[in-house]
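Here is a short briefing on one protein model.

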Amino acid sequence: MEGKLRNLFPGGNTSQGFYSFFDYIIPENVNRIFCLKGGPGVGKSSLMKKIAKEFLEKDYDLELHHCTSDPSSLDAIVIKELGVVLLDATAPHIVDPKTPGAVDEIVNLGDFWDSKGIEENKEKILSTNKDISNSFQRAFKFLKSAEPIYRDIEEKYTSSMDFGGINLFTENFIEELFKGTQTVGNYKKERHLFGSAITPMGHVDYTSSILRDAEKIYHLKGEIGTGKTTFLKRVSQRAIQKGMKVEIYHYPLVPEKIETIFIEDLKIGITTSSNFNENNIIDFNQYINEESIFAYNEELCFDKKLLDELINYAILNIKKAKAKHDIVENYYIPNMRFEEVEQLKDELVNKISKYESV
């Protein structure tokens, strides 16, 4: 029997540039953090995948934290039961040890490359890296341009909402959801991550994986600006006040917005993800004043089309950056001593295994 996997994103390509929730990767009472250093193509992600496979086969549940620039690559793995984390500590999410030796340990895969071979391609690497940076900057400009269009849509729907009705429903929902639960007097810090991301492959959604342990899932249906984030905030805040463990997953374009919450103590998920559009639907569109919103119909059609186009242009540029990144990796791969990286993998597995008896 194998363990179970949860797929998540610790960072996002957003209207604010690259947005990081990397601090929330680390679980409480962590025993060991392995900070992987080294350039592209040195095998950081492959190393994490191999280690993850070994512990998955040993029946440990794992979290796989994926890279938004390439979801097939990993930024981190977490073996919660052992309190062990391996993470990519290079840009754009540079991580330096906070407690060197005692908890954090640097693992430098640059020790296994042929510097001379890499130096021969120095100018090509520098030039391609500049292209990558330019593509990302262009992508972020499109995403930044998309936000005011998003806000324009939001304002139009917000001005047409019956928030009195929504407030009444929200209070009744919260009362029913937490009926019979006790406030324990403990504070558990909520966890913030992304459940979906804007990637070279388009919009990638891992919400089904994130809510794999939920016994009941509610789907929030509603246009931009109909109050879904406010509803999710109010529910999550009540759970936190009661001392419950809550995970909050943010919207990749505008990270202050929320897509999903998971209340672990209740095994309940609430999400806007279309993966669950047939589950216990809560329809916020029913609170829209149809006469009021009709006046904005032409403008909303234009805005929604423009919003999609801007996001698609961003995706196109992230895709270009990924293609250039693959080129840079090919300058490093032939100059790596991967047999030594394999030996390193065995050493790390042995180090991690020591925590099985702790």
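Val235 touches Phe173, Ile174, Leu177, Phe178, Ile261, Ile263 and Ile270, leaving aside residues up to four places away in sequence; contact means heavy atoms within 4.5 Å. The model is predicted: local features need pLDDT of at least 70, side-chain atom pairs count only at pLDDT 80 or more, and totals for chains, interfaces and linings use all residues. Residues are numbered from 1 along each chain as its sequence is written, and side-chain values use heavy atoms, without hydrogens and water.

**Nonpolar cores**

- A nonpolar core is a set of buried Ala, Val, Leu, Ile, Met, Phe, Trp, Tyr and Cys residues joined through side-chain atoms within 4.5 Å.
- Buried means under 20% relative accessible area, exposed over 50%, partly exposed in between (1.4 Å probe, protein chains only).
- The largest core has 81 residues, and Val235 and Ile270 have the most contacts inside it.
- Helix α3 (residues 122-158) gives the most to this core, twelve residues.
- Domain 1 (5-113 + 337-354) and domain 2 (161-288) both give residues to this core, so it lies between them; the bounds come from an automatic or database domain assignment.
- Another core, of 15 residues, lies apart from it, with Leu193, Phe194, Val204 and Ala214 among them.

**Strand β4**

- Helices (H or I, at least four residues) and strands (E, at least two) are DSSP runs, numbered from the N terminus.
- In β4 (residues 32-37), six of six residues are buried.
- Arg32, Phe34 and Leu36 lie on one side, and Ile33, Cys35 and Lys37 on the other.
- Strands pair if DSSP finds at least two bridges between them.
- Five bridges join β4 to the parallel strand β7 (residues 84-88); Arg32 stands opposite Val84.
- β4 also pairs with β8 (residues 104-108), in the parallel sense, over five bridges; Cys35 stands opposite Ile106.
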